[in-house]
There are 2 protein chains.
Amino acid sequence: MSSEAKTTEQVPMKQKVLSENQRIAEELRERYRKSGVLVLNIISSPGSGKTALLEKTLASFDKGTRVAVLTGDLQTDNDARRLAQYGFPVQQIVTGGTCHLDGKMIEKHLAAWNLDDLDLLIIENVGNLVCPSSYDLGEAAKIVLLSVTEGEDKPLKYPSIFFKSELAVITKTDLLPYVPFDIEKAEAFARQVHPGMEIVRASVMTAGGMEGWMGWLKGKMKAS
Amino acid sequence: MSSEAKTTEQVPMKQKVLSENQRIAEELRERYRKSGVLVLNIISSPGSGKTALLEKTLASFDKGTRVAVLTGDLQTDNDARRLAQYGFPVQQIVTGGTCHLDGKMIEKHLAAWNLDDLDLLIIENVGNLVCPSSYDLGEAAKIVLLSVTEGEDKPLKYPSIFFKSELAVITKTDLLPYVPFDIEKAEAFARQVHPGMEIVRASVMTAGGMEGWMGWLKGKMKAS
């Protein structure tokens, strides 16, 4: 994607950064493959409910599940503290001013863990619908969350992340009665950008609200 | 703000881009001053309600109000079409892949308008809590929106934009009964990052929900 804002020097510089990231991502992907760990990269706007979805997900796992989480934010370790209470390994990545995670950050934080001890590694990216879509972290799949409190045209406005994500999770569906959000339209827009995209609806507040997401996740874990 | 992700070459490049932007921003600021136009730069996550707030704002203005809007998105002119129906000049800035507006984009789109014909220019930035905070557009004030459907710790996680914004607007307060959002805590966090920050609460769905915001805006227009 091009932009009128980029200088002639900025473009090769960004390409250099991205190709260096890609090199690290391929190394990571190979390490994940060797250790047989499924790695998922979860991306959304700030406040779409990534951490809440992960809290419910971790709470639903048996204590013996071999899962770990890396969670990214510009500042604070609030999310890591929220997620750590479920008893699985969690690390916070504080990016400073950077609007996305990259391969180097993942590599550095994985040094503390033995990947052979894991079946599932969930990466919660920085809250941002733009920058994280350009940085491969070696994951098996990107997952994008879209909350029903946002506009249903977000897939059209932020096409890159919807195109690159295997799954869209439409979150906070318990709020549908109170917001002007047309969920069929949102799903149609997502599939306009990404034909055949898998989409599930989720609510962490409602009984049964996790079924679509957990079904997808368990299917993915079985297949990996 | 530093990041472990930056290469040694990336930092001077980013500084160069930012200092070139700053030069353009100062020229814009001087043009705004000469024409006596108040320029506001509105920033938030995707889906926090920037466009909805602007729709209600434009709808409340007398037809003779000398106001115009520039609205930024990665893709689509959906927002410009929503805003244009109120009869004031509106232009969409499509950034392609870029996660923020910059001075050059503003300069280019202002070529179509005579600033002397305006008292108020509202810039609706790209939905993103990170990148837009670094790019001065010559505005008199930045305004950050935070919706009650997002976590109340967003000011701590995205401190730069809360520190740089003169006003925080807490939006979608009509949803407070249905979400686990502690508004006093959110306001305290905003003031922890930015002591003395002005904060108003807004709901475009509720009678009286626009009063705090419109009061601030009219005060600002009178003072400028």
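How many salt bridges are there between chain A and chain B? The count is four. A salt bridge here is a side-chain nitrogen of Lys or Arg within 4 Å of a carboxyl oxygen of Asp or Glu. One of them pairs Lys157(A) with Asp73(B), at 3.8 Å from N to O.

This is a predicted model, in which local features need pLDDT of at least 70, side-chain atom pairs count only at pLDDT 80 or more, and totals for chains, interfaces and linings use all residues. Residues are numbered from 1 along each chain as its sequence is written, chains are lettered from A and ligands numbered from 1 in the order in which they are written, and side-chain values use heavy atoms, with hydrogens and water left out.

Start with the interface. Chain A gives 53 residues to the contact, and chain B gives 53 residues. Contact means heavy atoms within 4.5 Å. The two chains bury about 4,200 Å² between them, and 58% of that lies on carbon and sulfur atoms. Buried area is the accessible area (1.4 Å probe) that two parts lose on being put together, summed over both. Between chain A and chain B, 10 residue pairs are in polar contact, both residues at pLDDT 80 or more. A polar contact is a pair of N or O atoms within 3.5 Å; within protein, one must be able to donate a hydrogen and the other to accept it, and residues adjacent in sequence count only if both atoms are side-chain atoms.

Which elements of chain A give two or more residues to the side that touches chain B? They are helix 1 (10-35), helix 3 (78-84), strand 3 (90-94), helix 4 (103-110) and helix 5 (154-157). Helices (H or I, at least four residues) and strands (E, at least two) are DSSP runs, numbered from the N terminus. The residues on this side of chain A divide into 22 nonpolar, 17 polar and 14 charged. Ala, Val, Leu, Ile, Met, Phe, Trp, Tyr, Cys and Pro count as nonpolar, Asp, Glu, Lys and Arg as charged, and the others, Gly among them, as polar.

Now take chain A as a whole. Its secondary structure comes to eight helices and seven strands. The radius of gyration of chain A is 17 Å, close to the 17 Å that the globule rule gives for 224 residues, so chain A is as compact as a globular protein of that length. The radius is taken over C-alpha atoms, and the rule is 2.2 Å times the number of residues to the power 0.38. Of the 224 residues in chain A, 59% are buried. Buried means under 20% relative accessible area, exposed over 50%, partly exposed in between (1.4 Å probe, protein chains only).

Return to the charges. Over all chains, the salt bridges number 33. Asp153(A) pairs with Lys154(A) at 3.9 Å and with Lys157(A) at 3.8 Å. Lys154(A) and Asp153(A) are both buried, and Lys157(A) is buried too. In chain B, Asp153(B) meets Lys154(B) at 3.9 Å, and both are buried. Shared partners join Glu55(A), Asp73(A), Asp79(A), Arg82(A), Asp153(B), Lys154(B) and Lys157(B) into one network of salt bridges.

Finish at Phe162(A), in helix 6 (residues 159-164) of chain A. Phe162(A) is buried, with a relative accessible area of 2%. Beyond its neighbours within four places in sequence, its contacts include Val144(A), Lys154(A), Ala190(A) and Met197(A).
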